[in-house]
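I set out to record what I looked up in this structure, entry by entry. The sequence and the model come before my notes.

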Amino acid sequence: MYSLPTLSLCSGCVRFAPPPRSAATKRRRLQIRAMRAVVQRVASASVEVEGRTVSEIGPGLLVLVGIHDSDTDSDADYICRKVLNMRLFTNESTGRGWDQNVMQKNYGVLLVSQFTLYGILKGNKPDFHVAMPPQKAKPFYESLVERFRKAYSPDAVKDGIFGAMMKGQSS
């Protein structure tokens, strides 16, 4: 229904290393060291765990969140503020596109934890060493969900189940 491409958002600076001198240095040219969010505008989205729908929204934003090992509360604040204030929707009263945010439209937000956003390929095998470890990431992710609910609306913000094998669907 919507034609918006997926947007990628990062709370930290992108650090470029000096020109590569070796193959190992070449692999580390671009390092992003902060929380990542992939945002997709959707007509609807849902998350299933073991064949049961655990969360769903109508029109709004599907947000995949990757947490870096060095993330702080300020990174979570930044992602929350940016996602909720991104002007991605048309204003029907003026006809202007890209004019209103999810809160102005009273749409839903579905947050899904996605550690694979920090996968780094080493040959053909992904390495997730820069992602926050699960025992630390779970409370951090839960605090991020709470930030969204406090900043917007507890009923409008939904999330998946941290660490579960989730199956998503969006349209």
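**Entry 1: strand pairing**

I began with Val-42, which stands opposite Gly-60 in E7. Strand E4 covers residues 36-42, and in E7 the bridge partner of its Arg-36 is Gly-66. I noted that E4 and E7 pair in the antiparallel sense over seven bridges; two strands count as paired if DSSP finds at least two bridges between them. E7 also pairs with E8, in the parallel sense and over six bridges. There, Leu-62 has Leu-110 in E8 as its bridge partner.

**Entry 2: basis of the notes**

I am working with a predicted model, in which local features need pLDDT of at least 70 and side-chain atom pairs count only at pLDDT 80 or more, while totals for chains, interfaces and linings use all residues. Residues are numbered from 1 along each chain as its sequence is written, and side-chain values use heavy atoms, with hydrogens and water left out.

**Entry 3: the chain as a whole**

I found four helices and twelve strands in the protein chain; these are DSSP runs numbered from the N terminus, helices (H or I) of at least four residues and strands (E) of at least two. Of the 171 residues, 39% are buried, that is, under 20% relative accessible area with a 1.4 Å probe, protein chains only. Five of the seven residues of E4 are buried, and in E7 the count is six of seven. The chain exposes about 10,100 Å², 51% of it supplied by carbon and sulfur atoms (Shrake-Rupley method, 1.4 Å probe). Among contacts (heavy atoms within 4.5 Å) with a separation of 6 or more, 66% join residues 24 or more positions apart.

**Entry 4: the largest pocket**

I then asked which residues lie nearest the centre of the largest pocket. They are Ser-113, Gln-114, Phe-115, Thr-116 and Met-166, out of 25 lining residues. A pocket is an open set of points on a 1 Å grid over the protein atoms alone, where a 1.4 Å probe fits, with protein on both sides within 12 Å along at least five of seven lines; lining residues have an atom within 4 Å of a point. Strands E5 (45-49), E7 (60-66), E8 (108-113) and E12 (166-170) and helix H4 (134-151) each give two or more residues to this lining. The volume of the largest pocket is about 530 Å³, taken as the space filled by probe spheres set on the points.

Note on methods: Buried means under 20% relative accessible area, exposed over 50%, partly exposed in between (1.4 Å probe, protein chains only).
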